[in-house]
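Let us walk through a protein chain together. Keep the sequence and the 3D view side by side as you read.

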Amino acid sequence: MLVPMDRRALLLSIAGWPAFTSAQAPTVGPAVATRSALRFPADFGAHPDTRTEWWYLTGTLQADVRLWGFQLTFFRAATGIRASQSSRFNASQLIFAHAALTDLQQG
């Protein structure tokens with residue numbers, strides 16, 4: 001059952017979130033990416049020493065005269081959980097995706 005909360009109580013509870021989450025944030029990889037030259041094939045695929053990565057594919061599809069745009073994005077995020085912990089459910093990284101399709105004719 002949800003308990004109604006007034007605006008002041010809600011704002012006070014939200015104000016405490018950044019302090020809690022920053023104390024619990026994983027210390028995986030550099031916080032800010034440094035610029036360096038890409039080297040292939042070494043730079044293909046995941047870089048486990050970084051905290052967050054994403055790859056995306058964009059393009060257009062055509063059926064007769066109708067044009068569609070699409071974007072597919074894959075994300076990899078390190079959790080900061082060490083693989084040495086005993087549970088088989090401890091994931092060292094999360095991988096998820098997002099897809100979008102645009103009907104250019106309809107706007």
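Start with Asp103, which is buried at a relative accessible area of 15%. Buried means under 20% relative accessible area, exposed means over 50%, and partly exposed lies in between, with a 1.4 Å probe and protein chains only. This is a predicted model, where local features need pLDDT of at least 70 and side-chain atom pairs count only at pLDDT 80 or more, while totals for chains, interfaces and linings use all residues. Residues are numbered from 1 along each chain as its sequence is written, and side-chain values use heavy atoms, with hydrogens and water left out.

Which residue does the side chain of Asp103 meet in a salt bridge? The partner is Arg66, at 2.4 Å from N to O. A salt bridge here is a side-chain nitrogen of Lys or Arg within 4 Å of a carboxyl oxygen of Asp or Glu. Arg66 sits in strand β2 and Asp103 in strand β3 (residues 93-103), so this pair links distant parts of the chain, 37 residues apart. Helices (H or I, at least four residues) and strands (E, at least two) are DSSP runs, numbered from the N terminus. Arg66 is partly exposed, with a relative accessible area of 28%.

How many salt bridges does a search of the whole structure find? The count is two. Arg76 and Glu53 also meet through their side chains in a salt bridge, at 3.0 Å from N to O. Arg76 belongs to strand β2 (residues 66-78) and Glu53 to strand β1 (residues 52-63), so the pair ties together parts that are 23 residues apart in sequence. Arg76 counts as buried, at 2% relative accessibility. Glu53 is buried too, at 11%.

Now look at the backbone. Most residues other than glycine have a negative phi, and most peptide bonds are trans. Asp64 is not a glycine, yet its phi is positive, about 60 degrees. Find Asp64 in the loop between β1 and β2. At 73% relative accessibility, Asp64 counts as exposed. The peptide bond from Phe40 to Pro41 is cis, with omega near 10 degrees. Pro41 is in the loop between α2 (17-24) and β1.

Finish at the surface. Leu38 lies in the loop between α2 and β1. Leu38 counts as exposed, at 62% relative accessibility. Leu38, Phe40 and Phe44 make a nonpolar surface patch of about 390 Å². Patches are made of residues with over 30% relative accessible area and no salt bridge; like charges are joined within 9 Å, and nonpolar side chains (Val, Leu, Ile, Met, Phe, Trp, Tyr) within 5 Å.

Notes. Accessible areas come from the Shrake-Rupley method with a 1.4 Å probe; for residues, only the protein chains shown count as cover.
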